[in-house]
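Work through the exercises below with the sequence and the model at hand. Each task is followed by a solution in steps.

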Amino acid sequence: MAKLLVVDDEKGIREVIREYSEFNGHEVTEAEDGMTAVGFCKLNEYDLIVMDIMMPRLDGYSACKEIRKISNVPIIMLSARGEEYDKLFGFELGIDDYVVKPFSPKELMARINAVLSRNASRESDTPQVLKFDGLEIDIPGRTVTVDGERIELTPKEYDLLFYLVENKNIALSRDRLLSDIWGYDFFGDDRTIDTHIKNLRNNLGNYRDYIVTMRGVGYKFEAKN
């Protein structure tokens, strides 16, 4: 059973998500605006948040920013707007999936379960702290240090680095990176990956060469250990 926080100013939508979530064995807490959601996250731990973007008091994007300061809980955004810019902005904030309204409750549940499963798999199968020479990645702390100095990464840069390291020495195509990190319905292009790789390499400094470009394919994290 997972603990879900459902945030939407429309009571009917919250009730539908609650009904399907409880049917799937999950426990649900409801919030009608972003401010309340942030308050709940300061007092409680959740396994996943489903949150609308357009809400009173504090919108979903702003709430996500505040929540990311205190928690790495997976977040699925809901929105009546399906423009690419909105999705890109959401993923840059560190959300895990984006669902456009009106949505199928069954599809939403499939996405919820997929994110929960992926998150649980990463937590159980991956070492807590990864070290490659002077590069250290603290997974639960979601921090990266280079030669003892902590560097600041965007949520997606961290996700990208973690995914590359998790699949070290494996050539990963741009399509696979987009699908597994940004979501299978993401409508961006290869430039999204290339831009993030460039920024990530700059942040890694002396250890930028761990990320190797595979011509005609994509990228891989190349390490001996």
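**Exercise 1. Describe how helix H2 and helix H3 pack.**

Step 1. Helix H2 covers residues 34–43 and helix H3 residues 60–68; helices (H or I, at least four residues) and strands (E, at least two) are DSSP runs, numbered from the N terminus. The model is predicted, local features need pLDDT of at least 70, side-chain atom pairs count only at pLDDT 80 or more, and totals for chains, interfaces and linings use all residues. Residues are numbered from 1 along each chain as its sequence is written, and side-chain values use heavy atoms, with hydrogens and water left out.

Step 2. Two packed helices are described by the angle between their axes and the distance between the axes. For H2 and H3 the angle is about 15 degrees and the axes are 9 Å apart. Axes are lines fitted to C-alpha atoms, for helices over the stretch in contact, and angles run from 0 to 180 degrees between N-to-C directions.

Step 3. H2 and H3 are therefore roughly parallel to each other (angles under 35 degrees count as roughly parallel).

Step 4. Gly34, Val38 and Cys41 of H2 meet Ala63, Glu66 and Ile67 of H3 (contact means heavy atoms within 4.5 Å).

**Exercise 2. Decide whether Cys41 is in a disulfide or in no disulfide.**

Step 1. A disulfide is a pair of cysteine sulfur atoms within 2.5 Å; by this rule the count is zero.

Step 2. Cys41 is in no disulfide, and its nearest cysteine sulfur, that of Cys64, is 10.0 Å away.

Step 3. Cys41 counts as buried at 10% relative accessibility, and Cys64 is buried at 0%. Buried means under 20% relative accessible area, with a 1.4 Å probe and protein chains only.

**Exercise 3. Find the pairing partners of strand E8 and state which side chains lie on each face.**

Step 1. Strand E7 (residues 135–138) runs antiparallel to E8 and is joined to it by four bridges (two strands pair if DSSP finds at least two bridges between them). Asp138 has Thr143 as its bridge partner in E8.

Step 2. Strand E9 (residues 149–151) is also antiparallel to E8, with three bridges. Here Val144 has Ile151 as its bridge partner.

Step 3. Two residues separate E8 and E9 in a hairpin, and Asp147 in the turn has a positive phi of about 50 degrees.

Step 4. In a regular strand the side chains alternate between the two faces of the sheet. In E8 (residues 143–146), Thr143 and Thr145 lie on one side and Val144 and Val146 on the other, and all are buried.

Methods
Buried means under 20% relative accessible area, exposed over 50%, partly exposed in between (1.4 Å probe, protein chains only). Angles under 35 degrees count as roughly parallel, over 145 as roughly antiparallel, 65 to 115 as roughly perpendicular and the rest as oblique.
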